[in-house]
Amino acid sequence: VNLWLRRLNGIGNNDWKPPALWDLKNKWDDPVFLVEFLKKLERLAASMMIRRVYATPRVTRYAELLEQLDDKALGLASPAFALQPGEIGDTLQALNSNVYLHSQGRKYILLRLDEALAGTSGVVYDQRIITVEHVLPQNPQRKSQWVKDFSDAERDDWTHKLANLVLLSRAKNSQAQNYEFEKKRTLYFTAKGGVASFAVTTQVLSQPKWNPKTLAARQIELVG
């Protein structure tokens, strides 16, 4: 229960809290219901955040959910929990777009992805020192290998995509951001002990090259 609440706390708005409080008030003695409810709530809240659904339709959706819980006693079968096919499609489309430019959602998306890749639950990070970083730099040097490996159009397409993003647990180093790939993955993407702190970052360390072909395959894997 606490783990799902911790995830929800990263959503970036408080609109999900009334349904969560309904759950804790009415089903406090049913841990199986509590967990399944919060899991469904996080799925709904995360999708709306990823799709950039603004405040009014968010509040309306949660109000519908509360009505279904209170007046109709539908519980976990409440239709407001369910994502419609169009909402699922829009969520996937957003995850395939320039995730880095979603300033309110990018860290949440990367942390939830990292949790899925690691295959473990309950890992707690100090989010104040976590940054979302690019592998292919935003502004590579004109004579760098990055420019040789990526055309201008390819850099424009891939720079801010999920496949090109990693998590770091330290402040940005503006000089290191533009390292060549080999130097960057060994010096910039590893902790002091030589091991990356995040599963999503560890994946990069195993890549011999970082080019459009690498990113295309990685994008399919991560969105999947």
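Ile109 counts as buried, because its relative accessibility is 8% and the cut-off for buried is under 20%. This is a predicted model. Ile109 sits in helix 6, one of the elements that give two or more residues to the lining of the largest pocket.

**Ile109**
- Leaving aside residues up to four places away in sequence, Ile109 touches Ile50, Leu95, Val99 and Leu162.
- Two of these contacts, Ile50 and Leu95, are also among the lining residues closest to the centre of the largest pocket.
- Leu168 is 59 residues from Ile109 along the chain. The C-alpha atoms of Ile109 and Leu168 are separated by 14 Å.

**The largest pocket**
- The volume of the largest pocket is about 710 Å³.
- The lining holds 24 residues, and the closest to the pocket centre are Ile50, Thr91, Leu95, Arg112 and Val223.
- Helix 3 (31-50), helix 5 (85-95), helix 6 (106-118) and helix 11 (212-223) each give two or more residues to the lining.
- Helix 3 provides the largest share, with seven residues.
- By type, the lining residues are 15 nonpolar, six charged and three polar.

**Helix 5**
- The buried residues of helix 5 are Glu87, Thr91, Ala94 and Leu95.
- Viewed down the helix axis, these buried residues fall within an arc of 100°, so they line one face of helix 5.
- Pro85 and Gln93 are exposed, on the face turned away from the buried side.
- The buried residues pack against helix 3, helix 4 (55-70), helix 6 and helix 11.
- Thr91 and Leu95, both buried in helix 5, are among the residues closest to the centre of the largest pocket.

**His134**
- His134 belongs to strand 1, which spans residues 131-134.
- The relative accessible area of His134 is 5%, so His134 is buried, given a cut-off of under 20%.
- Which side chain makes a polar contact of 3.0 Å with the side chain of His134? The partner is His160.

Methods:
Residues are numbered from 1 along each chain as its sequence is written. This is a predicted model: local features need pLDDT of at least 70, side-chain atom pairs count only at pLDDT 80 or more; totals for chains, interfaces and linings use all residues. Side-chain values use heavy atoms; hydrogens and water are left out. On a 1 Å grid over the protein atoms alone, a cavity is a set of points where a 1.4 Å probe fits but cannot get out, and a pocket is an open set with protein on both sides within 12 Å along at least five of seven lines; lining residues have an atom within 4 Å of a point. Grid points are joined across faces, edges and corners, and a volume is the space filled by probe spheres set on the points. Helices (H or I, at least four residues) and strands (E, at least two) are DSSP runs, numbered from the N terminus. Ala, Val, Leu, Ile, Met, Phe, Trp, Tyr, Cys and Pro count as nonpolar, Asp, Glu, Lys and Arg as charged, and the others, Gly among them, as polar. Buried means under 20% relative accessible area, exposed over 50%, partly exposed in between (1.4 Å probe, protein chains only). The arc is that of the directions from the helix axis to the C-beta atoms. Contact means heavy atoms within 4.5 Å. A polar contact is a pair of N or O atoms within 3.5 Å; within protein, one must be able to donate a hydrogen and the other to accept it, and residues adjacent in sequence count only if both atoms are side-chain atoms.
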